[in-house]
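Hello,

Here is the structure I promised to send over. Have a look at it first, and then read my notes below.

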Amino acid sequence: MRRWIDVIILIIVIILILPSLIVSIFSKKTDDDSPPSLQKSQEEDDSIRIRESQVDYNEPTITLYDHYSKALESIPLEEYVVGVVAAEMPSTFEMEALKAQAVAARTLAAGKLRSRGGRGCSKYKGADVCSEFIHCQAWIPESQQRKNWGDKYDENSQRIVQAVEETRGYIMTYNDKPIEVFFYSTSNGKTEDVAEVFSASLPYYEVVDSPGEEEAPRYKETFTFTYDQFIKIFNSKYPKSGLSTSNLAERVKILSWTDSGRVRDLMIGDIRVKATEFRILYGLNSTDFSFRFEEGKVYIDTTGYGHGVGMSQLGANAMARQGQEYRDILKHYYRGIDIKILD
Ligand SMILES: [Zn+2]
């Protein structure tokens, strides 16, 4: 009798338990290429997490000076960020680059929010930010987005809204405060130290590599001036330069370069000027430039487009194309920062 019971138990073990053991071992091995059902539940988990963060995030309202309508406007922060990304980055860029831009835009705004201890826009009274790209950061209203994109409006707008929604509430912080954000179009292969451009020392700006931008439309450009034009432009700001068409080539000298290979200062005639000033005076793309004097003309060859501090938008796009996520992109260009929900 006892032996019969043992045999029955053994049969039950073989028929019922062993197969399920094998299945469970097998399914662990195939975890890496998860079956569709598992992927779906992962997506559901993620969306729950996103929803949770949206609940936690107390979205502020931002007061914007809209220089198109010349009026102050109060709008939810996330809606404002959509208008900034639409203005600052081509919507055809990689999604992770758009997300990095959204976080950068949100961080800049967060640092200016007067309701959170920021100082607001220094140009327009009563505004947290203005829509002028040379002052706070570019922002365009929906009407302008429609004008820019025409029949691509729905497609482009959807991509930008997605980038903003998927980073909803996130900003870059250092010591728990929003960082001071700088970004620009195209680097020369390296970023610039903030102190070289804005005379401020901020620990999260270092000279880092920014590869993959050689194909960018404005990576290399040459600016051409006649000797007369060159001197006239310079003398408009520095009338005592002592320049003349006969001595020009000998009297234009680069004195030093920054660690990123951009020009730091130059001697033009009797005047010592910073490259950042020289760039503005001649409307150059960047401070990475060199001179050629040929046949009565001054050729200024430039590399990159923008001041070079922080994230290069073309560099961000190149990193995204290599499979990097927006957090990796931001942490590459802004060193030692945290990415947190704005509180
Ligand atoms: Zn402003």
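Predicted model: local features only at pLDDT ≥ 70, side-chain atom pairs only at ≥ 80, totals over all residues.

Residues are numbered from 1 along each chain as its sequence is written, and side-chain values use heavy atoms, with hydrogens and water left out.

The zinc ion is held by C121 (SG), C130 (SG), H135 (ND1) and C136 (SG) at 2.1 to 2.4 Å. Donors here are N, O and S atoms within 2.8 Å of the metal (3.2 Å for Na, K and Ca). The site is tetrahedral, with angles of 102 to 115° among the four donor atoms; that label requires all angles between 85 and 135 degrees. Along the sequence, the donor residues follow the spacing C-x8-C-x4-H-C.

C130 counts as buried because its relative accessibility is 0%, whereas H135, at 31%, counts as partly exposed. The cut-offs are under 20% relative accessible area for buried, over 50% for exposed and in between for partly exposed (1.4 Å probe, protein chains only).

D338 lies in strand β14 (residues 338-341); strands are DSSP runs of E, at least two residues, numbered from the N terminus. D338 is in contact with I171, M172 and T173, leaving aside neighbours within four places in sequence. Contact means heavy atoms within 4.5 Å. The C-alpha atoms of D338 and T173 are separated by 5.1 Å, with the two residues 165 apart along the chain.

Best wishes

Terms used. Helix = DSSP H or I, 4+ residues; strand = E, 2+ residues; numbered from the N terminus. Tetrahedral: all angles 85-135°; square planar, octahedral: opposite > 155°, others 65-115°.
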